Amino acid sequence: MIARPAMSQPTLRTERLLPLVGPIFLQQATQSVVMLADFWFFSRLSDAVAATVGQLLPIVWIGTFVIPVFAGTGVSVASQFMGAGRLEKVVPTYLMNLALTTAMGAALAAVVFFFAPAICGWMGLHASLHAIGAAYLGTISVYFVFLGVLVAYNAVLSSRGMTHWLMYQAFLIATLNVVLAAWFLFGFGWGLRGVVAASVVSVAVGTVVAVWLVHARLGVRFHRRGAWRDMRGVLRPMLRIGLANALEPFSYSVQQIILSTMIIALGVDAMAANTYAARPQMMQITFSVSLALGAQILMAHWMGAQRIADVNRLFWRALRRGMLVAFGYALTLWLASDFVLGLFTHDPAVHALGRKLLLIAVCYEPARAVNIIGGFALKTVGDARFPMVLGVVFIWGILPVVFAIDRVWHLTVAGFWMCFAADEIIRAGINLWRWRTGRWQHMGIVAEAPAAPGEA
């Protein structure tokens, strides 16, 4: 038996939802505020710059959505092993998570860097907009390398319930980002590249802090001897949950890329309205994701300990809160639309179109909260295939519908939003039905993979 380096005892800091969700929300909200601040900086350059970057965001989402969601696999798998008392599986899970997310980040960075001009051309950006897009993608590509490492280390902290450390780390990254963006843009006059470079530098610093927290403060030690053998032992459950987790946001990002090409064809006003109306919605999505992530930590531990009734009660409590906040926030944005849109632009045409989009959001944001929380919950408890198949079917199935409607009625950007409102509402009903069937109660990874003789 090879002796392993000592690590602190894997434990969960609290079993209450709000103490976990609060720091996660502040962390995620900080990131959303930084995104809004970045778009404010872009809008200072011009509406064309902000609109172009907004339509290229689906390219960035492939990294910022898919890689962190895949890293959440490490939270779910490690937490279930901890809840079941199989502590020898925890560090190999952390290591495999780090290897997979780092590889994903490096691969995406290479693709975006080398193919930036081709991507902009394929999406229909011409002349000056093409130059803006190529500069943005070429500079942001380095971001994904650091992101791949950062989310793996953050998953270690999440699985141990140390969400308050993630909050402090997010504050540091956000402060650096805004200060550096203002300095690079207004002090050095670096323009678009300066704003993006601030994001890259701040996430690099955040990565260093995350590594220090995990190894120096939390006491986690990554062993080398026998590491690959132990990592292979957790690869199967990680891939089963991780690929299902990642496929849906990947499909969504690709879908949004295709839709962006259609919105780009509508002109700069439609691009700008779509960008300025969608970015404030991120705060509501942030709350739903935070609820889902906090519930994920508790659900995974409780599934490992076979506390099924507690998991079910937590699901419905999180769902009610998510829907209520989503409706209230979307309604507030619409009522205050003149102020919200006025932060970015004074163009009356963009204002009028943006108000319509914010009204549509009031109708479907509660359903989106159901899909976020319900999807995370089903994947966490082991029923990963159903939300993955459902999401992919709807994401790709609605595209032909949108194309057909656009061909007949020539949709505006408001028409696109209405189509996706219907998508969210129908999918929410199906996710709720799936949870109520109770099939998830027998799908935990510990239940299907009992410990071998002699394992702790």
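Residues are numbered from 1 along each chain as its sequence is written, and side-chain values use heavy atoms, with hydrogens and water left out. Because the model is predicted, local features need pLDDT of at least 70 and side-chain atom pairs count only at pLDDT 80 or more, while totals for chains, interfaces and linings use all residues.

**Exercise 1. Determine how helix H7 packs against helix H9.**

Step 1. Locate the elements. H7 covers residues 143-159 and H9 covers residues 191-217. Helices (H or I, at least four residues) and strands (E, at least two) are DSSP runs, numbered from the N terminus.

Step 2. State the geometry. Two packed helices are described by the angle between their axes and the distance between the axes. Axes are lines fitted to C-alpha atoms, for helices over the stretch in contact, and angles run from 0 to 180 degrees between N-to-C directions. For H7 and H9 the angle is about 30 degrees, and the axes are 9 Å apart.

Step 3. Classify the angle. H7 is therefore roughly parallel to H9. The classes are roughly parallel (under 35 degrees), roughly antiparallel (over 145), roughly perpendicular (65 to 115) and oblique (the rest).

Step 4. H7 and H9 cross in a left-handed manner; a crossing is left-handed if the near helix is turned anticlockwise from the far one by less than a right angle, and right-handed if clockwise.

Step 5. Examine the residues. Contact means heavy atoms within 4.5 Å. Among the residues of H7 that meet H9 are Tyr-143, Phe-146 and Val-149, and among their counterparts in H9 are Val-200, Val-203 and Ala-204. By class, the contact of H7 with H9 contains 14 nonpolar, five polar and no charged residues. Here Ala, Val, Leu, Ile, Met, Phe, Trp, Tyr, Cys and Pro count as nonpolar, Asp, Glu, Lys and Arg as charged, and the others, Gly among them, as polar.

**Exercise 2. Describe the packing of helix H1 on H9.**

Step 1. Helix H1 (residues 17-45) and H9 have axes 10 Å apart, at an angle of about 170 degrees.

Step 2. H1 and H9 are therefore roughly antiparallel to each other.

**Exercise 3. Describe the packing of H7 and helix H8.**

Step 1. The axes of H7 and H8 (residues 163-187) come within 10 Å and cross at roughly 150 degrees.

Step 2. H7 contributes Leu-150, Asn-154, Leu-157 and Ser-158, and H8 contributes Trp-165, Leu-166, Gln-169 and Ile-173. The contact of H7 with H8 has five nonpolar, three polar and no charged residues.

**Exercise 4. How many salt bridges does a search of the whole structure find, and where does the pair Arg-434 and Asp-383 lie?**

Step 1. The search finds six. A salt bridge is a side-chain nitrogen of Lys or Arg within 4 Å of a carboxyl oxygen of Asp or Glu.

Step 2. Arg-434 and Asp-383 form a salt bridge with an N to O distance of 2.8 Å. This pair links distant parts of the chain, 51 residues apart: Arg-434 is in helix H16 (residues 413-437), and Asp-383 is in the loop between helix H14 (348-380) and helix H15 (385-409).

Step 3. Arg-434 is buried at 9%, and Asp-383 is buried at 3%.

Step 4. Consider another pair. Asp-310 and Arg-307 meet in a salt bridge of 2.9 Å, N to O. Asp-310 is partly exposed at 21%, as is Arg-307 at 28%. Arg-307, Asp-310 and Arg-313 are linked in a network of salt bridges.

**Exercise 5. Characterise the surroundings of Arg-427.**

Step 1. Arg-427 lies in helix H16 and is buried, with 7% relative accessibility.

Step 2. Arg-427 forms a salt bridge with Asp-423, with the closest N and O atoms 3.1 Å apart. Both residues lie in H16, four residues apart, about one turn of the helix.

Step 3. Leaving aside neighbours within four places in sequence, Arg-427 contacts Glu-248, Asn-371, Leu-390, Gly-391 and Phe-394.

Definitions and conventions
Buried means under 20% relative accessible area, exposed over 50%, partly exposed in between (1.4 Å probe, protein chains only).
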